[in-house]
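Have the structure open as you read.

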Amino acid sequence: MDSAFVVLFLAGLITGFSKFSVGGMGLLVLPIVMIAFPGPEALGMILPLYIITDILAVWSYRSKIAWAVLARFLPLAFLGVIVGSQLLANIDADQFVSFLGLMILLMIALGLYLDFRPASFMQKPWAAYSMGFLGGIVTMMANAAGPIFSLFLLEQKLNKETYVSTRAWAFFIINVVKLPFYISLGLLSLESTQASLYAVPGLLVGSFIGYHFLKKVNPIQFKWMIRIMSMIAAIKLFLFS
């Protein structure tokens, strides 16, 4: 369990730091966990970590939540989770790895596109429905929907405090909804949850560092570093799957 402990500690460190700082590191967590837990079962290993950090985040950012925005976005995200669970139940481990690599590359491409093109259409109702549905599928199958959710919320012209609070609650609600589906698919069990606890020390350390050092991070340089690391992770998945 030594190598698994190191992998889970690192996953917890990255998850905590990302949740409480600039975000964007979620694309790295699943490929890292798959080093010790290859295949879809890695999804069940990290969901408890996400929920723990979500609880910490919603407690820290429990005011100024744009519930009206969430009300337009979440219902279709729930439908996407249901569809994603059906897709996940019908793919094998090799297909899952290829899907994950593709999702990581698509999320990177989406981020690059948005750096150079406005996305004002995200304020339209149909955009809320489509992005919610797509995000639900991607978060269920790859835990990689952070860029989709962030994109939609950023374009709602919320102030910084409202954006952070609303984003934290969106992730918390959706991750809790995913729990029964992961259990029914056999991806989340008492044993996997107990193993996930090895990541808690890293989670706490990462949350502390992210919370206190956020202002010292250069967001642009950090974003490109994460993109490069995520691209390497995606290529590794394709080459060694």
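In this predicted model, Thr166 sits in helix 8, which spans residues 160–184. Is Thr166 buried or exposed? Its relative accessibility is 0%, so Thr166 counts as buried, the cut-off for that class being under 20%. Leaving aside residues up to four places away in sequence, Thr166 touches Lys64, Ile65, Ala66, Leu70, Leu153 and Leu158.

Stepping back to the fold, the protein chain has eleven helices and zero strands. Its pattern along the sequence reads α-α-α-α-α-α-α-α-α-α-α. If you take the contacts between residues at least 6 apart in sequence, 85% of them join residues at least 24 apart.

Now for burial and surface. The protein chain has 241 residues, and 49% of them count as buried. Its accessible surface comes to about 11,600 Å², with 71% of that belonging to carbon and sulfur atoms.

On that surface, Phe5, Val6 and Tyr198 form a nonpolar patch, and together they have about 270 Å² of accessible area. Tyr198 is found in the loop between helix 9 (190–196) and helix 10 (200–213). With 36% relative accessibility, Tyr198 counts as partly exposed, because that class lies between 20% and 50%.

Here are the two residues discussed above, side by side:

| Residue | Relative accessibility | Class |
|---|---|---|
| Thr166 | 0% | buried |
| Tyr198 | 36% | partly exposed |

Technical notes
Residues are numbered from 1 along each chain as its sequence is written. This is a predicted model: local features need pLDDT of at least 70, side-chain atom pairs count only at pLDDT 80 or more; totals for chains, interfaces and linings use all residues. Side-chain values use heavy atoms; hydrogens and water are left out. Helices (H or I, at least four residues) and strands (E, at least two) are DSSP runs, numbered from the N terminus. Buried means under 20% relative accessible area, exposed over 50%, partly exposed in between (1.4 Å probe, protein chains only). Contact means heavy atoms within 4.5 Å. Accessible areas come from the Shrake-Rupley method with a 1.4 Å probe; for residues, only the protein chains shown count as cover. Patches are made of residues with over 30% relative accessible area and no salt bridge: like charges are joined within 9 Å, nonpolar side chains (Val, Leu, Ile, Met, Phe, Trp, Tyr) within 5 Å. A salt bridge is a side-chain nitrogen of Lys or Arg within 4 Å of a carboxyl oxygen of Asp or Glu.
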